[in-house]
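Trainee: I have a model open and would like to talk through its packing with you. Could we take it one question at a time?

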Amino acid sequence: VEVRSRGASTSGGHPGGPLLGCLKTFVENSMDVRPPEEIELEALEMTESLLDRYQSHKAASTAAPAIPSFFKPKPKPNTIASLIKKHAKARREQVKAESILDEGALRQIWYLIEEYAVHEGEGTVKINYDGFSQVATRARDALGPAVDAYFKASVFARFAQDGDGCISASAFAAYLGTRSTMHGLRLQLAAFDEGDSGVLPVWALEEYLRALVHDMPPLEGMEAGFHQQYARIAARKFLFFHGHNNAVRIRDLLTSPLMQELQELKNPDLMDSMHQGSLMSNWFSLQSTKRVHNTFLALDEDMNGLLSRSEFSQISNGTMSPLFIQRIFEEHVMRQRNALAAARGGGMGASLGPRDEMDLVAFTDFVLAWDHRAHPAAIKYFFPIMDLQKKGLITPAELYTFFREIHGMWVKMGEYADLA
């Protein structure tokens, strides 16, 4: 009303002023000359459509969220996806390999450390953060950006500092060598991790050990026919102490003292006659693996590659009770073979040979458990043997059952006959 009155007082052409005149002219010249009823029906339909869309969106937002997919199938071999993944892995490993410091680079860094270090009496060499930073700059100029990861402030803060803010230069140099060795070892293990999962199954671990035979002087004299048996026996120690579902995490391998024991075989000095005793105590040496294999062959009287209960009982010259041997076969021979048969899809009747005879793998596990009886892995091996009732605990009655058989064997040998 107010607009019309103002327009009427200022314009004589169109009642309501120039704005209403323009709108009226636009409507009159518009191509859409549909009747008002049709336009109103179209507006109603559009309103209903928008309202339905809003209601469905509101219902979806209040409903439970969709469960995400937890499984992504691996790309099939020789497909574009698998080739891209393989190329990306090779490229990533190449970049990591370029950051590994070799012996020449480590020696050059040590010369720089000595140049900027603080020398004290008795050969003590220390370095503060200022010298640490200058060494980092000089090392980057000489060796490239690959050394940046070794000279971060967080790395310096890991070491114990004295009152002057200095750290031990020799400790830092040892850290450089250890980290480079660990990176190189991880790249070697990752080469056998086809699925890039950070886990090595038993076959990949055995393949890695077979590849090391030619790089370790104490193993150079191994016969070609023994390579498979060597890898099988050597791999069992990693699986026995660190394995889960017949696989080992690469992270566990890198931090395991067993890997250090394996790497000791790279020392050419072990070939001397004075080190033969240390080779025999090293599980991964040729002497140690042949000891296990030869013992297995000596017990296998019928030479069928498997040990029966009577053959296995000779390992202790008849000092193990029949019940103990029976429980070993029930828990670590029959049960494991049944599980393997089920995993292969053949069920309990799959053709894996006699279920009541022990193969070389099960025999090696027993040797490891017997040689390391105080280790938690060995306790885990022997505990289900004595847990007759499968309750997760060992009762005094179960202990008495085993001891009663031992006592009977003592009586037969003429000892402890008066022991009730």
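Trainee: In which hand of crossing does α5 pass α8, left-handed or right-handed?

Mentor: Happy to start there, keeping in mind that this is a predicted model. Helix α5 (residues 103-116) and helix α8 (residues 169-190) pack with their axes 11 Å apart, at an angle of about 160°. Angles over 145 degrees count as roughly antiparallel, so α5 is roughly antiparallel to α8. As for the hand of the crossing, α5 passes α8 in one that is right-handed.

Trainee: Which residues in α5 meet α8?

Mentor: Look at both sides of the contact. On the α8 side you will find Ala-169, Ser-170, Phe-172, Ala-173, Leu-176, Gly-177 and Ser-180. The residues in α5 that meet them are Leu-106, Ile-109, Trp-110 and Ile-113.

Trainee: How do α10 and α14 lie to each other, roughly parallel or roughly perpendicular?

Mentor: The axes of α10 and α14 cross at roughly 100° and come within 10 Å. At the contact, Gln-229, Tyr-230 and Ile-233 in α10 meet Thr-289, Val-292 and His-293 in α14. Angles of 65 to 115 degrees fall in one class, which means that α10 and α14 are roughly perpendicular.

Trainee: Moving to the aromatic rings, what kind of pair do Phe-312 and Phe-366 form?

Mentor: By the ring-centre rule, the count comes to 21 aromatic pairs. In the pair of Phe-312 and Phe-366, the rings are 5.0 Å apart centre to centre, with 75° between the planes. Planes over 60 degrees apart have a class of their own, and the Phe-312 and Phe-366 pair is edge-to-face.

Trainee: Why is the pair of Phe-366 and Trp-370 called stacked?

Mentor: Phe-366 and Trp-370 are four residues apart in helix α17, so about one helical turn separates them. Their ring centres are 5.8 Å apart. Stacked pairs have planes under 30 degrees apart, and the pair of Phe-366 and Trp-370 is stacked because its planes are at 25°.

Trainee: Which residue lies over the face of Trp-370?

Mentor: Trp-370 is partly exposed, with a relative accessible area of 35%. Trp-370 is also one of the members of a cluster linked by ring pairs, which includes Phe-240, Phe-241, Phe-324 and Tyr-381. At 4.6 Å from the ring centre of Trp-370, the residue over its face is Arg-373.

Trainee: Turning to the loops, what is the phi of Met-303, positive or negative?

Mentor: Met-303 is found in the loop between α14 and α15. Met-303 is exposed, with a relative accessible area of 58%. Although Met-303 is not a glycine, its phi is about 55°, which is positive.

Trainee: Where is Asn-246?

Mentor: Asn-246 also has a positive phi, of about 60°, although it is not a glycine. With a relative accessible area of 45%, Asn-246 is partly exposed. Its place is in the loop between α10 (227-242) and β5 (247-249).

Trainee: How many residues apart in sequence are Gly-318 and Met-409?

Mentor: Gly-318 lies in the loop between α15 and α16 (322-343), and it is partly exposed with a relative accessible area of 42%. Beyond its neighbours within four places in sequence, Gly-318 is in contact with Ser-313 and Met-409. The C-alpha atoms of Gly-318 and Met-409 are 9.4 Å apart in space, and in sequence the separation is 91 residues.

Trainee: To finish, what share of the residues in the protein is buried?

Mentor: The protein has 19 helices and five strands. Among its contacts with a separation of 6 or more, 56% are between residues 24 or more positions apart. Of the 420 residues in the protein, the buried share is 33%.

Terms used:
Residues are numbered from 1 along each chain as its sequence is written. This is a predicted model: local features need pLDDT of at least 70, side-chain atom pairs count only at pLDDT 80 or more; totals for chains, interfaces and linings use all residues. Side-chain values use heavy atoms; hydrogens and water are left out. Rings of Phe, Tyr and Trp (its six-membered ring) pair if their centres lie within 6.5 Å; planes under 30 degrees apart count as stacked, over 60 as edge-to-face and the rest as tilted. Helices (H or I, at least four residues) and strands (E, at least two) are DSSP runs, numbered from the N terminus. Buried means under 20% relative accessible area, exposed over 50%, partly exposed in between (1.4 Å probe, protein chains only). A charge sits over a ring if NZ of Lys or CZ of Arg is within 6 Å of the ring centre and within 35 degrees of the ring normal. Axes are lines fitted to C-alpha atoms, for helices over the stretch in contact, and angles run from 0 to 180 degrees between N-to-C directions. Angles under 35 degrees count as roughly parallel, over 145 as roughly antiparallel, 65 to 115 as roughly perpendicular and the rest as oblique. A crossing is left-handed if the near helix is turned anticlockwise from the far one by less than a right angle, and right-handed if clockwise. Contact means heavy atoms within 4.5 Å.
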